[in-house]
Amino acid sequence: MTRHITAVAAIVLAGTTISPVLAQEVKLPTSMAFTAYDTGTSGFNIAVGVGKMMKDKYGSDVRVLPAGNDVARLAPLRTNRAVLAWMGTGSYFAQEGVFEFGVKEWGPQALQMTLSTVDCNGLSVGVAKDSGVKEWKDFRGKRLGFVVGSPALNQNALAIIAYAGLTQKDVKIVEFASYGAMWKGVINNDADGAFGSTVTGPAKELESSPRGIVWPELPAGDKAAWDRVKKVGAFFNPHDVTCGAAIEASKPLKLATYPYPIATAYATQPVDQIYGLTKAMIVNYDMYKDAAPGSSGLDVKKQTKQWVIPYHPGAVKALKEAGQWTDADEKYNNDLIKRQGVLADAWKAYNTASAPGEPAAFLSGWMAARKAALAKANMPNGFED
């Protein structure tokens, strides 16, 4: 009680002491690990910047483990060898138990958010300027790059072209071995469009090539068009983009985005642990906001709070203390947690000895069971046939 009164008195007497008082409440392990995208990516660099803050402020040694795919990023978190996984849309696919998570060893994962980044860049399909495409309806019959073994990346591209009502059948799919090879394919005139961030290096390369680059817009005012986008990629939101290849800050483009990277936890992780991690990122924002491009998007006031996966209760506690949580946020969050329960129950009922052993048949059967369970609960599928 005495300590509480002292803290309150300090806040009343000197507004400048608010942050130090709050920071003293944070308790972090002496050592911990994060997982992130490959070395050199924005997700990895942001995680390193946050880790450095935790070392400098709290003496906590943080190792950032690079991993090339979503399964590799989540595996250490799942086995408690990491405390946060800095993810992208893979966090949503894991929650839903689809694509690479629709296998016996995985299934729906109860993943929850702490903080995430939305910055000046956008996430969309960059199109070769010499293709003549100005609006998404012009992309009909054009060549769209896909990456073999990256269903999530390909789903993102299909969500963008859905703005104009286009599907995979309306374009020519050209498959490449990797993300980099796909963008090289656009530069070399083997494809006309590729999905990525507006600030990704390959987009800059396309901009400076003879083909050039354009980003056809997705104005939020067309609600029907955005409904189509979200039916394929529920994780996308409209976004005014001010940075990237062929984009001027003074002339924002109406594109799309989703939080990246997302500091992700499991629902089973202790509330105090996630509260401490989230609180540390909130109160010490100034220490890492300039550490890497995109770090400034972790500002607590910029958080995407009504997205497709819920916030962890520990993160909610920290957001409430920061004055960044509403009753509407609470209801939305509870509904997402309920969805995770529906998916977990459906998986438990399906993944039994009687389930098909062959991977493709197993996934097909699971997607049917998943669809039925969500329909029964009056919840959207998110992955229509």
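**Exercise 1.** Determine which residues of helix α8 are buried and on which side of the helix they lie.

*Solution.* Helix α8 spans residues 201-208, and its buried residues (under 20% relative accessible area; exposed is over 50%, partly exposed in between, with a 1.4 Å probe and protein chains only) are Pro202, Ala203 and Leu206. These three cover an arc of only 100° around the axis, the arc being that of the directions from the helix axis to the C-beta atoms, and therefore they are on the same side of α8. An α-helix has 3.6 residues a turn, so residues three or four places apart point the same way. Finally, the buried residues of α8 pack against β5 (123-128), α7 (179-187), β8 (193-197) and β9 (213-214). Helices (H or I, at least four residues) and strands (E, at least two) are DSSP runs, numbered from the N terminus.

**A note on the model.** This is a predicted model, in which local features need pLDDT of at least 70 and side-chain atom pairs count only at pLDDT 80 or more, while totals for chains, interfaces and linings use all residues. Residues are numbered from 1 along each chain as its sequence is written, and side-chain values use heavy atoms, with hydrogens and water left out.

**Exercise 2.** Describe how α3 and α10 are arranged and which residues meet.

*Solution.* The axes (lines fitted to C-alpha atoms, for helices over the stretch in contact, with angles from 0 to 180 degrees between N-to-C directions) of α3 (residues 42-58) and α10 (residues 271-283) come within 11 Å and cross at roughly 90°. The two helices are therefore roughly perpendicular to each other, a term for angles of 65 to 115 degrees, with under 35 counted as roughly parallel, over 145 as roughly antiparallel and the rest as oblique. From α3, Val50, Met53, Met54 and Tyr58 meet Leu277, Ala280, Met281 and Val283 of α10.

**Exercise 3.** Locate Gln306 and state its contacts.

*Solution.* Gln306 is in the loop between α11 (285-288) and α12 (313-321). Its relative accessible area is 37%, and Gln306 is therefore partly exposed. Leaving aside neighbours within four places in sequence, Gln306 is in contact (heavy atoms within 4.5 Å) with Ala328, Asp329 and Tyr332.

**Exercise 4.** Identify the backbone features of Pro261 and Asn378.

*Solution.* The peptide bond from Tyr260 to Pro261 is cis, with omega near -5°; Pro261 is placed in the loop between β11 (253-257) and β12 (262-266). Asn378, in the segment after α14 (359-376), has a positive phi near 60° although not a glycine. At 71% relative accessibility, Asn378 is exposed.
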